[in-house]
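Open your viewer and get ready to click along. We will go from one selection to the next.

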Amino acid sequence: KANVLSGLGTVEVDVRVVVGVTELTVSEVVSLGSDDLLSIGGSASDPVDIRVNGRLIGRGKLVVVEETYGVQITELMDSEKAV
């Protein structure tokens, strides 16, 4: 099994951390300016979704390490729950 997976080590995947979501009308999007602030609801301590190629694979919490933002994984979905 390890030999089969070893060839996948260089395959790139799209990893996204979804902090929040908001809905806007087209007119609101068109009127956005460079200094505008979008409210995404919730707080900085709310869990974030971790998605790989669009599929939810886990959840985590935002952390700051020195001057860099990161995500500490708090929950991984099993393959049956991944959406």
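## A walk across the sheet

Start by selecting L62, which stands opposite V71 in β4. Strands here are DSSP runs of E with at least two residues, helices are DSSP runs of H or I with at least four residues, and both are numbered from the N terminus.

Before moving on, please note that this is a predicted model, in which local features need pLDDT of at least 70 and side-chain atom pairs count only at pLDDT 80 or more, while totals for chains, interfaces and linings use all residues. Residues are numbered from 1 along each chain as its sequence is written, and side-chain values use heavy atoms, without hydrogens and water.

Now select residues 55-65, strand β3: eight bridges join β3 to β4, and the two run antiparallel. Follow the hairpin of β3 and β4, with two residues between the strands, and you will find E66 with a positive phi near 55°.

Next, show the whole sheet. It is open, with four strands in the order β1-β2-β3-β4 and antiparallel pairing (two strands pair if DSSP finds at least two bridges between them).

Over at β1, four bridges connect β1 to the antiparallel strand β2 (residues 48-52). Click V18 to see D49 of β2 opposite.

Last stop: select I40, in the loop between α2 (26-30) and β2.
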